[in-house]
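This report describes a protein structure for a reader who meets it here. The sequence and the structure are shown below, and the sections that follow take up each part in turn.

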Amino acid sequence: MAVETAPAATTTGPKLRRIHVTVNGTAHDVDVEPRTLLVHFIRENLGMTGTHIGCDTTSCGACTVLLDGRAVKSCTLFAVQVDQSSISTVEGLEKDGKLHPLQEGFHQEHGLQCGFCTPGMMMTAVGFLATNRSPTELQIREAISGNLCRCTGYVNIVKSIDYAARKLREPIEGKA
Amino acid sequence: MIPASFEYHVAKDIAHAIQLLASSGGEAKVLAGGQSLIPLMKFRLTQPASLVDINRITGLSGIRENGELQIGALTREADLEKNPIIRQRYPIITDTAAVVADPLVRNMATIGGNLAHADPANDHPATMLALRASVVAQGSKGERVIPIDDFFLDTFTTALRPDEILVEIRIPKPAPRSGGAYLKLERKVGDFAIAAVAAMVRLDESGKIAAASIGLTNVGLTAIRARNAEETLRGQAPDDKALAAAGAAAAAAAQPVSDLRGPADYKRDVVRVLTQRAIRKAVARAKGGN
């Protein structure tokens, strides 16, 4: 992707900075203002609106994405900070028309009502299940304690994540 | 919410970070985990002219036991929480890291930022007071080690000079028969403490308290060291009477204000109760329990 930078000497606009970031496996080179938040970069510069803005105050977790595999709140990070990094968003979960086990879990267990918190919940769970393959219910509840569901549908969200954990263990356990 | 514009600099190493800070004339802020700084910038409560991003500096994070415990300032809360050395030998730090904000914030937030931000509501300051820690600062004039008692000057104000950066936290090796605990009361997960108490005790061979140190969170302009409470415990058996006296002394040391987290009297009473519970847990750990 070619992006032209306006010559600094002839403009009074904000100073831009070129970042190179891989989002869901696709590399992007984009010029951004340093103050651009990661969530705005994802939604507005890349046009990927699966990542939601809820509270915008580091409380609700609707904007959660993975930064080099770790779940973080993208409203509390500048896009310039993720230069040379790898980001995963909810759009990257589905592969070749096949739902990710977490998406399947949220479908099977009715893990969403209004759906606003769902992308954040799922990305938090992806990061969490990568570090804990066999979580207890309590551990799942702790893991999503930075994500708010204002429908208060937590019971089914926990079930959905547990479904995905079991599904993700299946292939290996099947061989054993 | 969009922060005001700023110049963004990526520091390559500590010397570069110091140079960037020194050349900013005091107008730059260090960007570590950013989990306090960025929200403040979004609310425009702070509008630094420039940010010095230290996240790319190698060697600023990590946990080493080298006679003493050395924690790199850029160590993330999530890594502290999971670290086996910390879990086994410094469980008071695990207690503390595990109640900082929420798991997503802890994936970014750093222990150095938690201390250098000097918010009296932050959790590590009280724990570091109880642990008798010191912090290592590097600046244009070289390196200095600042005892934690001299570090917090006021709300959001530390002994760090504008061209200094906090690089490491040093914690003395735990003495035999010592233990500690951090207990926090919060309205909901992720909130700042209504009040919280950090307690460390060292027992003598007869099981009496040889020394205690106690830090209080969010009941004053800075984290508070409850020295009188520490004194009341010296030489005492850790029985209900001694704990009650320490709880009362800690409550007297607290200087809470009434706010959305509760009236001042209530918070003082929370300090009284949490102090007793934290000492009890610290004593149990000093005896090898959990």
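## Chain A: order of elements

From the N terminus on, the elements of chain A follow the order β-β-α-β-β-β-α-α-α-α. In this predicted model, chain A thus contains five helices and five strands.

Of the 176 residues in chain A, 43% are buried. When contacts in chain A between residues at least 6 apart in sequence are considered, 60% of them join residues at least 24 apart.

## Strand pairing in chain A

Strand β1 (residues 17-23) and strand β2 (residues 26-32) of chain A run antiparallel and are joined by seven bridges. One pair of bridge partners consists of I19(A) and, in β2(A), V30(A). The hairpin of β1(A) and β2(A) has two residues between the strands, and within this hairpin N24(A) takes a positive phi near 50°.

β1(A) also pairs with strand β5 (residues 86-88) of chain A, in the parallel sense and over two bridges. Here T22(A) has S86(A), in β5(A), as its bridge partner. In general, the strands of a sheet pair through backbone hydrogen bonds, and the pairing is either parallel or antiparallel.

Helix α3 of chain A spans residues 118-131, 14 residues in total. The distance from its first C-alpha to its last is 20 Å, close to the 20 Å expected at 1.5 Å a residue.

α3(A) is mostly covered, with 12 of its 14 residues buried. Among the buried residues of α3(A) are T118(A), P119(A), M121(A), V126(A), F128(A) and L129(A). An α-helix has 3.6 residues a turn, so residues three or four places apart point the same way.

## Chain B: overall form

Chain B has 11 helices and 14 strands. The radius of gyration of chain B is 19 Å, close to the 19 Å given by the globule rule for 290 residues, so chain B is as compact as a globular protein of that length. Along the principal axes, the C-alpha atoms of chain B fill a box of roughly 55 × 45 × 30 Å.

Buried residues account for 54% of the 290 residues in chain B. Of the contacts in chain B between residues at least 6 apart in sequence, 64% join residues at least 24 apart.

## Two sheets in chain B

One open sheet of chain B has three strands in the order β1-β3-β2, with parallel pairing. Its edge strands are β1 (7-10) and β2 (28-31) of chain B, each of which pairs on one side only. Neighbouring strands of this sheet are turned by 25° against each other on average, direction ignored. Within the sheet, β2(B) pairs with strand β3 (residues 50-53) of chain B in the parallel sense over four bridges, and K29(B) stands opposite L51(B) in β3(B).

Another open sheet of chain B has five strands in the order β4-β5-β10-β6-β7, with antiparallel pairing. The edge strands are β4 (63-66) and β7 (142-147) of chain B, each pairing on one side only. The twist from one strand to the next averages 25°. Strand β5 (residues 68-72) and strand β10 (residues 165-171) of chain B run antiparallel, joined by four bridges; the bridge partner of G72(B) in β10(B) is E168(B).

## Helices of chain B

Helix α1 (residues 14-22) of chain B lies across strands of both sheets described above.

Helix α11 (residues 264-286) of chain B has 23 residues and reaches 32 Å from its first C-alpha to its last, close to the 33 Å expected at 1.5 Å a residue. After α11(B) comes G288(B), whose phi is positive, near 95°.

## Contact between the chains

The contact takes 23 residues from chain A and 20 residues from chain B. On the side of chain A that touches chain B, the elements that give two or more residues are β4 (70-73) and α4 (137-143) of chain A. β4(A) gives the most to this side, with four residues. By class, the side of chain A that touches chain B has seven nonpolar, 10 polar and six charged residues.

Notes:
Residues are numbered from 1 along each chain as its sequence is written. Chains are lettered from A and ligands numbered from 1 in the order in which they are written. This is a predicted model: local features need pLDDT of at least 70, side-chain atom pairs count only at pLDDT 80 or more; totals for chains, interfaces and linings use all residues. Two residues are in contact if their C-beta atoms, placed from the backbone, lie within 7 Å. Ala, Val, Leu, Ile, Met, Phe, Trp, Tyr, Cys and Pro count as nonpolar, Asp, Glu, Lys and Arg as charged, and the others, Gly among them, as polar. The radius of gyration is taken over C-alpha atoms; the globule rule is 2.2 Å times the number of residues to the power 0.38. A residue is buried if 20 or more other C-beta atoms lie within 10 Å of its own, exposed if 12 or fewer, and partly exposed in between; C-beta atoms are placed from the backbone. The expected span of a helix is 1.5 Å times one less than its number of residues. Two strands pair if DSSP finds at least two bridges between them. Axes are lines fitted to C-alpha atoms, for helices over the stretch in contact, and angles run from 0 to 180 degrees between N-to-C directions.
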